Amino acid sequence: MKISIRRMIAQLSLSCIVATGCLGWSAHVQAQLVPGTGTILKQVGDDFEDPEWEYFHRGPKSSEEIDGQMRAPTGESKNDRWFEGAKRGHPDVVKRVDTPPGGLPGSKGSLLLQSLQTGIPGRPSYKMQQEDFIGNVQYRVGTLSVSRSPSVVTRVFLPPVDEWENRTGPTFAFRLALTTTVNKQSGRGLFSSTKRESETYWPGLFLEFVSKDGGRAEDDYAWLRVRSNNRGGDFKGMQVEQTGWWTMGLSVTPDGAVHYYAKPGLDDLTPDDHITSQYPYGYRAEGFKAFFFNVCNGDDGRTWSTPWIVDDTFVYVAR
C-alpha cells in the first residue's frame with residue numbers, strides 16, 4: 001500500500017476561518033496558543049523512560065457504551081498516570097517498547113497501543129469500534145481551568161503503511177476531555193424546567209485511512225480529521241504525506257476555544273503548524289479534565305489494529 005500525495009488537502013488557516021466563516025464557524029477567538037507553551041505539569045504525562053513501566057489490564061475490559069457493562073476493576077498503569085476508559089475499555093496491548101528509529105534524542109522507551117477486540121470482549125461486532133487510553137489529569141492535579149491556557153503535546157509514530165489495518169475509516173485519535181456548562185430542560189409544558197448542568201465533550205484529531213481496496217480511491221491515503229466545528233460536524237484538516245514520527249498538539253484558551261496543531265517530525269510546534277481553531281459543538285470550554293488516545297479497528301475478531309506507538313506526552317499551562 002502507498003499513500004497518495006495527489007490528494008492534497010490544504011491546511012485551514014485561522015484568517016480564512018475568521019474572514020469567511022468556513023466550516024460553520026465565524027466567531028472571534030483569542031490569539032493562537034501553540035501547544036507546549038508555558039510550564040510543564042510534572043505530575044501528569046509520561047516519557048515512558050522507566051524500564052519498570054507496567055500496565056495492569058485486570059481482566060475483561062469495559063464496554064459500557066455498547067452493552068452497559070463496566071467491568072471493574074479497571075486497568076491502570078503502575079505509575080498512576082494512565083487508566084482504562086470505563087465506557088469503551090483499553091487496548092489489548094499496552095506495552096513499553098524500544099523507541100523506534102529517529103525518535104526524540106535520548107529516548108529509549110515509548111508506548112505501544114494495539115487491539116484485536118475493540119468492542120465487547122469475545123463478541124465481534126464486525127464494525128468499527130474504539131477504545132480509550134486516558135492520561136490521568138483530573139485525579140492527579142484536578143480539572144484545569146481554561147483560564148490557565150492548558151495544552152497537551154504528544155509524539156506519534158506512524159508505521160509504514162503496509163503495517164496499517166487495511167480498512168477505510170478512523171484508526172487512531174488524540175483527544176481532550178473538556179467541560180462546559182449547558183442549559184438542560186426536563187419535563188413538558190407547565191411542568192418543564194431548565195437547569196444549568198456540567199457537560200463533558202471530547203474534541204480532537206483523528207487519523208483516517210482510505211484503502212484503495214475498498215473501491216473508493218485509486219490509491220491508499222491518509223488524512224487528519226478534526227472533531228469538530230461549532231455544529232458538531234467533523235471535517236478534513238490536513239493530508240498525511242509521510243509516515244514516521246509526527247508531533248500533535250491541542251490547546252485551549254480562556255475564551256473556551258480549542259486549537260489544533262500537527263506536523264511530521266519531532267520539532268516543537270510553532271504557529272505555522274496550526275490547522276484550525278474551533279468552538280466544538282458550539283461549546284466554550286471551562287475545564288480541562290484529561291487527554292486520551294483512541295485505538296480503532298474493524299472488530300472482526302481476526303484483524304489487529306494498526307500498531308500505534310506514542311512518546312513524550314505532556315501537559316502545559318501558560319498561566
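**View 1. T247 lies in strand β15, which spans residues 244-252.** Strands here are DSSP runs of E, at least two residues long, numbered from the N terminus. The structure is a predicted model, in which local features need pLDDT of at least 70, side-chain atom pairs count only at pLDDT 80 or more, and totals for chains, interfaces and linings use all residues. Residues are numbered from 1 along each chain as its sequence is written, and side-chain values use heavy atoms, with hydrogens and water left out. With a relative accessible area of 0%, T247 is buried (under 20%; exposed is over 50% and partly exposed in between, for a 1.4 Å probe and protein chains only). The side chain of T247 makes a polar contact with the side chain of R155 at 3.3 Å, where a polar contact is a pair of N or O atoms within 3.5 Å, one able to donate a hydrogen and the other to accept it, and residues adjacent in sequence count only if both atoms are side-chain atoms. A polar atom of the T247 side chain also lies 2.7 Å from the backbone oxygen of G265.

**View 2. S125 lies in the loop between β6 (109-114) and β7 (129-135).** S125 counts as partly exposed, at 28% relative accessibility, and its side chain makes a polar contact with the side chain of Q129 at 3.0 Å. Although S125 and D299 are 174 residues apart in sequence, they are 5.9 Å apart in space, C-alpha to C-alpha.

**View 3. The largest nonpolar core has 49 residues.** Such a core is a set of buried Ala, Val, Leu, Ile, Met, Phe, Trp, Tyr and Cys residues joined through side-chain atoms within 4.5 Å. The residues with the most contacts inside the largest core are F133, L224, F288 and V315. A second, separate core of seven residues includes L104, L112, F157 and I309.

Technical notes:
Helix = DSSP H or I, 4+ residues; strand = E, 2+ residues; numbered from the N terminus.
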